[in-house]
Amino acid sequence: MYLALWPGNVYPLGANWDGKGTNFALFSENATGVELCLFDRDDQETRLTLTEVSNFVWHGYVPGVGPGQRYGYRVHGPYAPNEGHRFNPNKLLIDPYAKAIDGEIGNGPELFSYSWDSPEEDLSFSELDSAHLMPKSVVVDQGFDWEGDQLLRTPWHETIIYETHVKGFTKLHPDIPEELRGTYAGLGHSAAIEHLQRLGITAVELMPVHHFLSQPGHLVGKKLVNYWGYDSVNYFAPYSGYSSSGTLGEQVTEFKEMVKALHRAGIEVILDVVYNHTGEGNHLGPTISLLGIDNTVYYRLVDDSPRYYMDYTGCGNSLYVRQPQVLKLIMDSLRYWVIEMHVDGFRFDLASALARELYEVNSLAAFFDIIHQDPVLADVKLIAEPWDLGEGGYQVGQFPVLWSEWNGKYRDTVRDFWRGIDESLGQFAYRITGSPDLYALNGRRPNASVNFVTAHDGFTLNDLVSYNEKHNEANGEDNRDGESHNRSWNCGAEGETDDPEVLQLRERQRRNFLTTLMLSQGIPMLLGGDEIGRTQKGNNNAYCQDNEISWFDWDLQQANEDLVNFSRELIYFRRQHPVFRRRKWFQGRPIHGKGISDIAWFNPDGTEMTQEQWDIGYAKSIAMYLDGNQLPSVGPKGERISDDSFLLFFNAHYETLEFSLPEGMQHREWAVVIDTKEARFVADDRRYTETQAVPVVDRSMVVLQRVG
């Protein structure tokens, strides 16, 4: 097949169709030659040598080539692993800027630049061709009718996040057509959206949808796959395995349709993105894309031994974010997902790894400076997972002002409090007030704290109150993988039980966690499925379980109807009361003190907490007063915002306690609105005045609303 090749343009990178042909452009600083490889329907390959090079960008224009064309690259250059170079033109490579990718990566020695049977391992050179095992990049038509759709820009203080998985959420949903289950179209289906709307969340945070390596080497032969998707091999293409269509490139349109449908329902889309490493692994990993395009540019190598990779992620490699081209790749990707795909924000996996300019984490690294100055990205939601696996990588509270963070200290403290651990009361008070000790001093506001009790990594809420130990045997690693210190409590029996007392306590604990989460200052994040009692049977690391262990069992919705309704009512309650979602801190005075007008802390006997009492390690109960008349923020039109006032009684003790109304509040009338010993929001008319004691049963909480 003869194809003309014109010089083309250096910009933009990737494959860009103009209606008459396609321009191809690839950055490689150290390459000596680049071949563009085009594949027809029968997988026959046509190679075109790119002869034009401008500013290390190899480029060419092919007239007549358009959407649906499959392609890849072969890159020539030195194969010198001890110097960091791993060029091997026998390996077909994915375009880092491809907007769609066709198929999955296969398994076999052909994928590796070295010979498996060589005693020198990666120092040898493989002449095996990998094209038949490699998915192909696809030229796409970016045209799409958004019908006026725009980013929703839900204010942070009104945001409620629902973390979920595209496939897991929809795979077993009985009201979604079978052919759409497990896909973008399934998540955009009215049945899926109805559940999210009725629940009341405002944003879905989707686990990785960038095209990823579906079966990393350590899973080969185990009948397990990379279900979570934290091994990206491209940062522009939506994962093709979540598409319901077999048409080349159709996953791009399907993703856009999903976003448009969610936006119509008032639900933002936040992507969990993995810019800290790729699925190519360490020096023994496969050659899929960046490693073969220019290894020394894209990856952080060991300074005095560039054969090996710096690994701050535990996944074999770390992207070299200090390199201008790597920064450009990430920034171009982020802008693409906002401008072309209408994504509302991002959660950055292991974000501390992105801040490492040398060997230390620096929260003002170039990556963050560039985002702050970008007019597209400065106005979307930016969430950091503020840790990595390197030394000094735990950076909760250290990110810049535009960023919110997954607050791991919130998770740990709330878990410890409700399981009755000593010396957690003072920390608990900080966490439920937005963690001012972490965020107030550097100019940030309560929305810097994304609060969560459970997330994809770890126990579900049901399992948190049902297991003391992880049960990861199904992962094939002899239960060695996953976190061993889960701060969980099984309430008296490990796993499934028919003991009514244990079951009753577990249900109460689930309501305690949910109520604490939704009534804390900051941004609540609910793990998808917790509202229906989803279980992973004690597996706290289900990254490789693309099966019923991870998929939502929608039959649980009926079995846990009370929990579903409690969750809905609780979210609605938060959205109705701005006192629980303040935009500014409580007065700025020490949280442990007297005379605070908008918040106050009391003992069960109604006396105000003293500094000495905060230091009592065994204390496990407290009352918190929130004054709705003291909200410092105004509405969007400058109007004054006010709310009712509330008393929250927390009892993590193993016995029932009677709480007294604090002095000065006894002449008011207080109605019970939440009592977590009840399966539903309180339906009776319990009211308290004057000296009446309020009973709070063991391991429960009661919320009173002032009505007089």
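# Exercises on a predicted model

Setting aside neighbours within four places in sequence, Phe348 is in contact (heavy atoms within 4.5 Å) with Val273, Tyr275, Leu334, Leu354, Phe367, Ile371, Leu382, Ile383, Ala384, Glu385 and Trp403. The model is predicted: local features need pLDDT of at least 70 and side-chain atom pairs count only at pLDDT 80 or more, while totals for chains, interfaces and linings use all residues. Residues are numbered from 1 along each chain as its sequence is written, and side-chain values use heavy atoms, with hydrogens and water left out.

## Exercise 1: Nonpolar cores

Task: state how many residues the largest nonpolar core has, and which of them have the most contacts inside it.

Solution. 
1. A nonpolar core is a set of buried Ala, Val, Leu, Ile, Met, Phe, Trp, Tyr and Cys residues joined through side-chain atoms within 4.5 Å. Buried means under 20% relative accessible area, exposed over 50%, and partly exposed in between (1.4 Å probe, protein chains only).
2. The largest such core holds 172 residues, and Phe346 and Phe348 have the most contacts inside it.
3. Helix H6 (residues 324-339) supplies the largest share of this core, nine residues. Helices (H or I, at least four residues) and strands (E, at least two) are DSSP runs, numbered from the N terminus.
4. Another core, of 18 residues, lies apart from it; Leu350, Leu438, Val450 and Ala455 are among its members.

## Exercise 2: H3 against H14

Task: describe how helix H3 and helix H14 cross, and which residues meet.

Solution. 
1. Two packed helices are described by the angle between their axes and the distance between the axes.
2. For H3 (residues 190-199) and H14 (residues 561-576), the axes come within 8 Å and cross at roughly 60°. Axes are lines fitted to C-alpha atoms, for helices over the stretch in contact, and angles run from 0 to 180 degrees between N-to-C directions.
3. That angle makes H3 oblique to H14, since angles under 35 degrees count as roughly parallel, over 145 as roughly antiparallel, 65 to 115 as roughly perpendicular and the rest as oblique.
4. From H3, His195, Arg198 and Leu199 meet Ser567, Arg568 and Ile571 of H14.
5. By class, this contact of H3 with H14 has two nonpolar, two polar and two charged residues. Here Ala, Val, Leu, Ile, Met, Phe, Trp, Tyr, Cys and Pro count as nonpolar, Asp, Glu, Lys and Arg as charged, and the others, Gly among them, as polar.
6. Within H3, the residues Ala191, Ala192, Ile193, His195, Leu196 and Leu199 are buried.
7. After H3 comes Gly200, with a positive phi near 100°.

## Exercise 3: Backbone exceptions

Solution. 
1. Most residues other than glycine have a negative phi, and most peptide bonds are trans.
2. Arg153 lies in the loop between strand E11 (136-138) and strand E12 (161-164) and, at 46% relative accessibility, is partly exposed.
3. Arg487 lies in the loop between helix H11 (461-464) and H12 and, with a relative accessible area of 23%, is partly exposed.

## Exercise 4: Cysteines

Task: state how many disulfides a search of the whole structure finds.

Solution. 
1. A disulfide is a pair of cysteine sulfur atoms within 2.5 Å.
2. The search finds zero disulfides.
3. Cys315 is in no disulfide: the nearest cysteine sulfur, that of Cys544, is 14 Å away.
4. Cys315 is partly exposed at 31% relative accessibility, and Cys491 is buried at 7%.
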